[in-house]
Structure formats: structure tokens, C-alpha cells
Amino acid sequence: ISEGYAVINFEDYSFWEQVKIMSMASVLISPHGSNLVNMLFMKENSTIIEINKEDTQNATLCYWSMAEALDFEYYYIPAMTLDDNFVADDQLIESIKSIIQTLQ
């Protein structure tokens with residue numbers, strides 16, 4: 001997506017490696033799911049970008065609540081789903097890029 005960002009599969013890392021990775025991160029971009037709990041280990045003034053359901057009326061906003069409690073900047077990007085998987089279409093990618101540009 002942009003220089004300075006990396007794809008991390010947390011299941012490939014031990015708990016302490018995950019803590020170290022997240023303590024160095026200032027932006028977390030993730031589909032809705034337990035990976036977002038790792039925001040607990042991020043430094044102050046971090047940014048969370050959550051990819052979640054298009055149907056915002058039925059979306060779970062627990063990670064928004066967590067980001068709010070940590071005083072992090074939070075963005076919600078609605079995404080289409082196909083068989084319960086998020087579709088990384090051009091609109092989703094452009095939404096992420098747009099947010100990243102505002103952070104620079």
C-alpha cells in the first residue's frame with residue numbers, strides 16, 4: 001500500500017514478538033478480528049484503521065471502543081464481503097491510501 005508499511009501475520013510470531021512489533025507501530029490497519037487487540041501494545045497517539053462490514057448497523061464496534069479508551073485516532077472502512085471474507089477491491093485500497101495520506 002505504501003512505503004513504511006508491512007503485512008504482519010501475527011500467528012507467525014510469539015506473544016512477545018507481537019508485543020515488540022506493535023510497540024514500534026504507530027498505525028494498525030486490520031480487518032475486524034482479534035488482531036486488533038494488539039493495539040493495546042501501541043504507543044500514544046497511534047492510529048487504528050479497521051476494515052469491517054458494509055452493514056454498519058449490524059457491525060461490532062468493540063475495537064472502536066478500545067481505540068477510544070486508548071485515545072487513538074480510529075477509522076472505520078466498510079468493505080464488501082464474499083463468503084465472510086473481505087473483498088480487497090479498488091475502492092477499499094483507495095480508502096486506505098486516502099487515510100494514510102492524511103496521516104503524513
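This is a predicted model: local features need pLDDT of at least 70, side-chain atom pairs count only at pLDDT 80 or more; totals for chains, interfaces and linings use all residues.
In soluble globular proteins, nonpolar side chains tend to be buried together.

Residues are numbered from 1 along each chain as its sequence is written, and side-chain values use heavy atoms, with hydrogens and water left out.

On confidence, pLDDT is the predictor's own confidence in each residue, from 0 to 100; the protein chain averages 88, and 98% of the residues score at least 70. When I name helices (H or I, at least four residues) and strands (E, at least two), these are DSSP runs numbered from the N terminus. Among these elements, strand β5, residues 85-86, has the lowest mean pLDDT, at 79, whereas α1 has the highest, at 96.

Let me turn to that helix. Which residues of α1 are buried? They are Gln18, Val19 and Met22, and because they cover an arc of only 100° around the axis, they lie on the same side of α1; the arc is that of the directions from the helix axis to the C-beta atoms. The face turned away from this buried side carries the exposed residues Trp16, Lys20 and Met24. What covers the buried residues of α1 includes β1, residues 27-31.

Gln18 sits in α1, which spans residues 15-24, and counts as buried because its relative accessible area is 15%. Taking contact to mean heavy atoms within 4.5 Å, and not counting residues up to four places away in sequence, Gln18 touches Phe10, Tyr13 and Asn38. In the segment before α1 we find Gly4, which is exposed because its relative accessibility is 78%. Gly4 and Pro31 are 27 residues apart in sequence, and their C-alpha atoms are 19 Å apart in space.

Pro31 brings us to the strands, which pair if DSSP finds at least two bridges between them. β1 and β2 run parallel and are joined by 5 bridges, and Pro31 has Ile51 in β2 as its bridge partner. Strand β2, residues 47-53, is mostly covered, with 6 of its 7 residues buried. On to β3, residues 73-79: 7 bridges join β2 to this strand, and the two run parallel. Thr47 stands opposite Glu73 in β3. From β2 the chain crosses through helix α2, residues 62-69, to β3 in a right-handed β-α-β crossover, right-handed meaning that, with the strands pointing away from the viewer, the path from the first strand over the helix to the second runs clockwise.

Leaving aside neighbours within four places in sequence, Thr47 is in contact with Ser26, Val27, Leu28, Met42, Glu73, Tyr75 and Leu103.

Two loop residues deserve a word. Asn45, in the loop between β1 and β2, has a positive phi of about 65° although it is not a glycine, and Asn45 is exposed because its relative accessible area is 64%. Asp71, in the loop between α2 and β3, has a positive phi of about 60° and is likewise not a glycine; at 62% relative accessibility, Asp71 counts as exposed.

I finish with Ser98, in helix α3, residues 90-103, which is partly exposed because its relative accessibility is 39%. Ser98 and Ile48 are 50 residues apart along the chain, and 14 Å separates their C-alpha atoms.

Terms used. Buried means under 20% relative accessible area, exposed over 50%, partly exposed in between (1.4 Å probe, protein chains only).
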